[in-house]
Amino acid sequence: MSGQLKLKILWAKNFLGLAIDQVNVKQNLPLTVYYFWPKTEAWEQLKLELECKPSIEDEERVSLLNAAAEIMNFWRESRSTVAFQSIKDQYNNITFVNVN
């Protein structure tokens, strides 16, 4: 797939929104819609979407899904004790938006 894929996170007190963009030199193109967790099975939905796109290599798909799982676990354990900026700094390869 041409361009790089990037995980996007909407960080809120009561939910996470997860989506993936294709990043090109000139623009970011949404590859998936936002899936909201824990209301939906966001990780499973991202997995299904990525598996439907044969141009995405397995290694890239696994890397994106692992990052999503890591962020979801981090949010579940630390969302009320860790400042948003420190999370953003820790995961500089992910686009974060704080919606609180």
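The structure is a predicted model, in which local features require pLDDT of at least 70 and side-chain atom pairs count only at pLDDT 80 or more, whereas totals for chains, interfaces and linings use all residues. Residues are numbered from 1 along each chain as its sequence is written, and side-chain values rest on heavy atoms, with hydrogens and water left out.

On a 1 Å grid over the protein atoms alone, a pocket is an open set of points where a 1.4 Å probe fits, with protein on both sides within 12 Å along at least five of seven lines; lining residues have an atom within 4 Å of a point. The lining of the largest pocket consists of Q4, L5, K6, L7, E60, S63, L64, A67, N93 and I94. Two or more of these residues come from each of strand 1 (4-11) and helix 2 (58-78), where helices (H or I, at least four residues) and strands (E, at least two) are DSSP runs numbered from the N terminus. By residue class, the lining comprises five nonpolar, three polar and two charged residues; Ala, Val, Leu, Ile, Met, Phe, Trp, Tyr, Cys and Pro count as nonpolar, Asp, Glu, Lys and Arg as charged, and the others, Gly among them, as polar.

Side chains of opposite charge can pair when their charged atoms come close. Four salt bridges are present in the structure, each defined as a side-chain nitrogen of Lys or Arg within 4 Å of a carboxyl oxygen of Asp or Glu. One of them joins E51 to K47, with the closest N and O atoms 3.1 Å apart. These two residues lie four positions apart in helix 1 (residues 42-51), a separation of about one helical turn. Relative accessible area is classed as buried under 20%, exposed over 50% and partly exposed in between (1.4 Å probe, protein chains only). Both E51, at 39%, and K47, at 25%, are partly exposed.

A further salt bridge links K53 and E49, at 3.6 Å from N to O. Here K53 is partly exposed at 21%, while E49 is buried at 18%. In helix 2, R61 and D58 are three residues apart, or about one helical turn, and form a salt bridge whose closest N and O atoms are 2.7 Å apart. R61 is buried, with a relative accessible area of 16%, whereas D58 is exposed at 51%.
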